[in-house]
Amino acid sequence: KIMNMNSSSHRYTQPPSSRQKQEPEDADQVIVQTDFGRGLIVRTRKSDGIKEIRLGDVKSSSSSPAFRRREPNMLYTPKDYPSVPPCIGDDVICEYGRGVLKEIADDKYTIELASWRLSGRSNVTCHVVSSPPKVVRKHALHEMDSAEKVALAKSQKAEAAKYFSEKDYTGALNTYASAVDKVRNVQHDHTSSNEVRADLVVIMITCSNNAATCCIKLAKWEEASKFAKNALIMLDALYGKRGMKIHTILNCEGIIDAKLFGEWRVKSYLVVARACMEQGEVEDAIAILKKAKGLGMPYIDELSSSADQSSRGKEEKASLRALTLQMKELKRLVAEYSEKRKAAKKIEKKKAKVMAKALFGGGDGKENATPDKQNNMKERDSSETKQHVEQVNDEQQKAFEDQTGVGSGVATGQIAGAGTRKAPFKRKSSLKSKLEREDPPVQQSVSFSDQPPQVKEFDRAKDDDDDETPWQKHKEALILMGIAGVSVLTIVGLRRAYR
């Protein structure tokens with residue numbers, strides 16, 4: 001029985017699962033039109049010519065997650081069904097190889113062959129007129145080689161640019177990120193040309209920078225910083241390999257150093273600086289901007305120093321214009337961030353003063369008072385000073401009246417008038433002159449003007465300082481000594497407790 005099962009007469013009775021393990025799928029799976037609808041020829045058995053056709057889903061491969069989640073409808077037949085009519089953009093296969101259909105004119109099909117590899121960036125195009133090509137399923141990402149992945153990333157980059165021009169920043173961000181993911185883990189082999197490697201570097205840098213710009217528009221600062229730093233890693237690696245093949249190819253194709261290491265790097269640093277600023281890292285943002293200025297200015301000087309401006313190419317003029325705009329933006333950001341840093345430092349100083357007063361005391365609160373409160377304090381101080389001066393004047397006037405005998409009820413005008421008349425002659429008494437010699441009179445200057453006697457205002461601050469107690473003079477020092485003493489006693493007590 002085992003021999004019969006292994007014989008040629010019974011090999012069709014084996015289950016389909018075992019046959020799938022034995023025979024691989026077709027490399028180019030043709031999309032055909034069957035009696036039950038469209039189908040995909042997954043496998044053609046070499047032994048008997050039976051075709052395994054998956055009906056319905058003609059886009060996904062059998063190894064994709066979408067295919068594994070459901071049980072497909074399969075058709076097993078030896079019949080040769082015709083291919084579906086080709087359309088522009090379909091992957092097709094003809095007698096010359098596999099490619100993409102670019103144009104259909106009458107019965108002529110123009111196909112750009114992808115299975116042909118020439119030096120440089122030359123493409124092979126063929127024109128088929130005998131019979132229409134067969135439409136095949138597009139390769140999945142894991143089935144593509146490096147050139148196909150780079151071509152797919154280029155198409156997604158162009159699609160993302162359309163989203164960005166329409167201000168659909170979310171769609172642009174997702175598409176740019178998808179393009180980066182398509183070429184992130186590309187494994188180069190002998191089929192990868194230097195041009196493909198150069199295109200991959202450009203795709204990684206430009207898509208990362210553009211994705212970072214979309215994140216800035218959407219206020220996703222952390223993601224923006226990651227994308228920009230990813231571009232900087234690629235640029236730094238390329239800068240270390242200047243003069244080698246990839247760098248030479250990029251320069252020959254119009255991507256000069258001013259664009260590579262000047263414009264693109266400054267763009268990445270501007271994004272990183274903005275992200276740092278929004279996350280509160282002001283010092284880091286200013287340092288990054290200064291570093292970007294140091295990278296961009298040498299290229300501006302180099303492009304501006306050329307004597308003959310007419311000899312500049314389009315690339316040089318475009319890079320000079322872009323770098324000049326970037327330097328203006330950089331200068332504006334440095335000024336803005338510097339002002340914010342000064343404001344932040346002032347706020348920190350105020351907080352430190354408030355904390356110091358709360359901890360150690362001191363101050364009469366005038367520094368933190370509002371302008372209205374400060375004016376009220378000044379008016380109160382001036383009124384107190386005037387009252388004190390008037391009180392001193394009254395006391396001196398009273399003492400003067402007691403010594404001279406002039407009554408307070410005598411009018412000032414009468415006294416002044418008496419002084420104008422000539423006093424009558426009086427003979428001096430000898431007794432009075434004797435008393436005056438023994439007890440000379442006190443020299444006083446009396447003024448009978450309308451203005452009260454002027455009294456010099458005393459220095460209140462000086463008197464207050466004289467009246468301060470030792471506790472007020474050395475309050476902060478005594479508090480610190482008390483805190484230190486309590487700390488020492490606590491440490492000594494803890495040590496004894498642990499012993």
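Me: Which hand does the crossing of α9 and α10 have?
Reply: Bear in mind that this is a predicted model. Helix α9 covers residues 257–278 and helix α10 covers residues 282–304. Their crossing is left-handed.

Me: How do α9 and α10 run, roughly parallel or roughly antiparallel?
Reply: The two helices pack at an angle of about 165°, with their axes 9 Å apart. Angles over 145 degrees count as roughly antiparallel. α9 and α10 are therefore roughly antiparallel.

Me: What separates the C-alpha atoms of Asp236 and Phe261?
Reply: Asp236 is found in helix α7, residues 221–239. Asp236 and Phe261 are 25 residues apart along the chain, and their C-alpha atoms are separated by 8.4 Å.

Me: What is the relative accessible area of Asp236?
Reply: Partly exposed residues lie between the buried limit of 20% and the exposed limit of 50%. Asp236 is partly exposed because its relative accessible area is 39%.

Me: How are α4 and α6 oriented to each other?
Reply: Helix α4 spans residues 146–165 and helix α6 spans residues 194–217. They pack at an angle of about 30°, with axes 10 Å apart. Angles under 35 degrees count as roughly parallel. α4 and α6 are therefore roughly parallel.

Me: How many charged residues does the contact of α4 with α6 have?
Reply: The crossing of these two helices is left-handed. Val150, Ala153 and Phe164 of α4 are among the residues in contact, as are Leu200 and Ile203 of α6. Lys154 and Lys157 of α4 and Asp199 of α6 also take part. By class the contact has nine nonpolar residues and three polar ones, and the charged count is three.

Me: How does α6 lie relative to α8?
Reply: Helix α8 covers residues 245–252. It packs with α6 at an angle of about 75°, with the axes 9 Å apart. The range from 65 to 115 degrees counts as roughly perpendicular. That makes α6, relative to α8, roughly perpendicular.

Me: How many nonpolar residues are in the contact of α6 with α8?
Reply: α6 brings residues including Ala198, Val201 and Val202. From α8 come Lys245, Ile246, Ile249 and Leu250. The contact has one polar and three charged residues, and the nonpolar count is six.

Me: Which residue in β4 stands opposite Arg54?
Reply: Strand β3, residues 51–55, runs antiparallel to β4. Five bridges join the two. Opposite Arg54 stands Met74.

Me: What is the order of the open sheet of five strands?
Reply: The pairing is antiparallel. The edge strands, β8 and β9 (134–135), each pair on one side only. Four bridges join β5 (residues 91–94) to β6. The order is β8-β7-β6-β5-β9.

Me: Which residue takes a positive phi in the hairpin of β6 and β7?
Reply: Six bridges join β6 (residues 97–105) to β7 (residues 108–113). Leu101 has Ile111 as its bridge partner. The hairpin has two residues between the strands, and the positive phi, near 55°, belongs to Asp106.

Me: Which residue in β8 is the bridge partner of Glu112?
Reply: β7 and β8 (residues 124–128) run antiparallel, joined by five bridges. The partner of Glu112 is Thr125.

Me: What share of the residues is buried?
Reply: The protein has 17 helices and nine strands. A residue counts as buried under 20% relative accessible area. Of the 499 residues, the buried share is 30%.

Technical notes: Residues are numbered from 1 along each chain as its sequence is written. This is a predicted model: local features need pLDDT of at least 70, side-chain atom pairs count only at pLDDT 80 or more; totals for chains, interfaces and linings use all residues. Side-chain values use heavy atoms; hydrogens and water are left out. Axes are lines fitted to C-alpha atoms, for helices over the stretch in contact, and angles run from 0 to 180 degrees between N-to-C directions. A crossing is left-handed if the near helix is turned anticlockwise from the far one by less than a right angle, and right-handed if clockwise. Contact means heavy atoms within 4.5 Å. Ala, Val, Leu, Ile, Met, Phe, Trp, Tyr, Cys and Pro count as nonpolar, Asp, Glu, Lys and Arg as charged, and the others, Gly among them, as polar. Two strands pair if DSSP finds at least two bridges between them. Buried means under 20% relative accessible area, exposed over 50%, partly exposed in between (1.4 Å probe, protein chains only).
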